[in-house]
Amino acid sequence: MKQHLLTALAASLALGACSKPEPIDRNETGTLADGDALFPADQSYMDEYPIEVGAGGTIVAEMRSDEFDTYLHIVGPGNDPHEQNDDISSDDTNSRVELTAPTRGTYRVIANALYSPSDCQAEGSGEPTCTFGGNYTLSIKVTYPEG
Ligand SMILES: [Ca+2]
């Protein structure tokens, strides 16, 4: 009896490993502001959006803001792979990243700012010298090859 249960469990685990997650099409709005988590490398504000992605799934994320210079990351399980983008083009400071997932797992889309509060610290008591947060929109799409 115990053996049968283990066999059934193994079969359901194998099935789970083969089935791929559903495509994703999300549109988020958010704000980078005081109290947010800080990106470890430069202490800039960040918001994380975890998504479940199957092997071969293509993630396309785009972050836009009229209020600050955006920076966008897609990070895989165990921080590998890691794709990032500052500016879509030389005259567009919004961000776009595309990544095809090599393995199934939880990927994190990280909405981030180019500048940290300390980057923008004025000398003395003046206004900040750059903008390190504000409102943004984020689209996240995951698609799979046909078949
Ligand atoms: Ca940028």
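Guide: Let's begin with pairing: two strands pair if DSSP finds at least two bridges between them. Helices (H or I, at least four residues) and strands (E, at least two) are DSSP runs, numbered from the N terminus. Here, strand E5 (residues 70-75) and strand E6 (residues 82-85) run antiparallel and are joined by four bridges.

Visitor: Before we go on, what am I looking at?

Guide: This is a predicted model, where local features need pLDDT of at least 70, side-chain atom pairs count only at pLDDT 80 or more, and totals for chains, interfaces and linings use all residues. Residues are numbered from 1 along each chain as its sequence is written.

Visitor: Okay, back to E5 and E6. Which residue in E6 does Leu72 stand opposite?

Guide: That's Asn85. The two strands form a hairpin with six residues between them, and Gly78 in the turn has a positive phi of about 70°.

Visitor: Why would anyone point out a phi value or a peptide bond?

Guide: Because most residues other than glycine have a negative phi, and most peptide bonds are trans. Now try the loop between E5 and E6, where you'll find Asn79. Asn79 isn't glycine, yet its phi is positive, near 65°. Pro81 is in the loop between E5 and E6 too, and the peptide bond from Asp80 to Pro81 is cis, with omega near 0°.

Visitor: Is Asn79 buried or exposed?

Guide: Count C-beta atoms, which are placed from the backbone: a residue is buried if 20 or more others lie within 10 Å of its own, exposed if 12 or fewer, and partly exposed in between. Asn79 has 8 C-beta neighbours inside 10 Å, so it counts as exposed. For the chain, 22% of its 147 residues count as buried.

Visitor: Where is Gln43 found?

Guide: Look in the loop between strand E2 (37-38) and strand E3 (45-53). Gln43 is a residue other than glycine with a positive phi, near 65°. It counts as partly exposed because it has 13 C-beta neighbours inside 10 Å.

Visitor: In what order do the four strands of the open sheet lie?

Guide: A sheet's order tells you who sits beside whom, and here it's E1-E9-E4-E7, with antiparallel pairing. Strand E1 (24-32) and strand E7 (95-100) stand at the edges with a single partner strand each, so one side of each has no neighbour in the sheet. From one strand to the next, the twist averages 15°, taking axes as lines fitted to C-alpha atoms, with angles from 0 to 180 degrees between N-to-C directions.

Visitor: How many bridges join E4 to E7?

Guide: Six, with E4 covering residues 58-64 and the two strands running antiparallel. For a pair to find on screen, take Glu62, whose bridge partner in E7 is Arg96.

Visitor: And how do I read contacts?

Guide: Two residues are in contact if their C-beta atoms, placed from the backbone, lie within 7 Å. Leaving aside neighbours within four places in sequence, its contacts are Glu98, Thr100, Val142 and Thr143. The C-alpha atoms of Thr58 and Tyr144 are separated by 6.3 Å, though the two are 86 residues apart along the chain. Thr58 has 15 C-beta neighbours inside 10 Å, so it counts as partly exposed.

Visitor: What share of the chain's contacts with a separation of 6 or more comes from residues 24 or more positions apart?

Guide: That share is 70%.
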